[in-house]
Amino acid sequence: MPAVTVENPLTLPRVTAAGDAVQRPVLAVTTAPQGYEGEGFPVRRAFAGINYKHLDPFIMMDQMGEVEYAPGEPKGTPWHPHRGFETVTYLIDGTFVHQDSNGGGGTIRNGDTQWMTAGSGLLHIEAPPEDLVMSGGLFHGLQLWVNLPAANKMMDPRYQDIRGGQVQLLTSPDGGALLRVIAGELDGHEGPGITHTPISMIHATLRPGAQITLPWREDFNGLAYVLAGRGSVGTERRPVHKGQTAVFGEGGALTVRADDRQDGVGTGDLEIVLLGGRPIREPMAHYGPFVMNTREELQQAFEDFQKGRLGTIPAVHGM
């Protein structure tokens, strides 16, 4: 799980919550069911079973892989539409090629993020490059869906290609954790992702026995998803392991700790994604690839898709 790393975290800015900050309690821990997406790549549905009031403005998140493909096995998704929200694809291992009906897209690999604002709508495809299909290899990433407020749902589509080297790197006071701020801010340190809906997205790596207590905006919700390893969350040390999501309550700080002994493969560290966002608190009508505010808007989205108003598949798309 390479993503982005540094040889000596103690060279990085250090972050910790104020001593008088109110700790967020852990409301629930859920386990993601496993399934398949697109042309057959394995996913874990990170937010399954969580009440939307604790997720808003996030809609869903899939952990894609971690899987070691044999030659000829790597898979992607077919062309599909989106409208009314943003997709955030964070690739930890491997390579993915994105393209849309507006001519946008690009290639992301180890530690890169592609932030696609679907807005008024487009057609989209994501797939491994031909050389990876031929050779096989490791594939692992996340795709997060972030809702857009009603005022932005019909904005023009936009891409942000965030390279791994652009993320803001931070550490804990003892250097036991590496924090990658992909979007939003942490203790005044800004990540590169530009968000229409105020959120924070952080990938944290904790060495065995390490603990982080981070300041957290009180107007944000708080979620922690375990990519690998095992540890505990909250001052109550609620156990968590790979494929589980912790839902935090209100407060100004949250705590995550890695178990002293890790029984997983790879780095042997606790790998966890921390998410926070300001709830939109608007009605949501969600079906398949469309996220709108009313049933009528959903019906309009389907009609626009069927009539080709979201774009057409390029004759030559290079996939």
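The model is predicted: local features need pLDDT of at least 70, side-chain atom pairs count only at pLDDT 80 or more, and totals for chains, interfaces and linings use all residues. Residues are numbered from 1 along each chain as its sequence is written, and side-chain values use heavy atoms, with hydrogens and water left out.

Strand S19 covers residues 222-228. Helices (H or I, at least four residues) and strands (E, at least two) are DSSP runs, numbered from the N terminus. Seven of the seven residues of S19 are buried, so the strand is largely enclosed by the rest of the structure. Buried stands for under 20% relative accessible area, exposed for over 50%, and partly exposed for the range in between, with a 1.4 Å probe and protein chains only.

S19 pairs with two strands, where pairing requires that DSSP finds at least two bridges between them. With strand S22 (residues 244-248) the sense is antiparallel, over four bridges; here Tyr 225 has Thr 245 as its bridge partner. Strand S24 (residues 270-277) also runs antiparallel to S19 and is joined to it by five bridges.

The next topic is charge pairing. Side chains of opposite charge can pair when their charged atoms come close. A salt bridge is counted when a side-chain nitrogen of Lys or Arg lies within 4 Å of a carboxyl oxygen of Asp or Glu. By this rule there are nine salt bridges.

One of them joins Arg 45 and Asp 62, with an N to O distance of 2.4 Å. Arg 45 is in strand S3 (residues 41-45) and Asp 62 in strand S4 (residues 58-69), so the contact ties together parts 17 residues apart in sequence. Arg 45 is partly exposed at 27% relative accessible area, whereas Asp 62 is buried at 5%.

Another links Asp 304 to Arg 83, with the closest N and O atoms 3.0 Å apart. Asp 304 belongs to helix H3 (residues 295-306) and Arg 83 to the loop between strand S5 (80-82) and strand S6 (85-93), so this pair connects parts 221 residues apart in sequence. Asp 304 is buried, at 8%, and Arg 83 is buried too, at 5%. Both belong to a network of salt bridges that also includes Glu 303, Lys 307 and Arg 309.

Asp 260 and Arg 257 form a further salt bridge, the closest N and O atoms being 2.9 Å apart. Asp 260 is exposed, with a relative accessible area of 54%, while Arg 257 is buried, with 15%.
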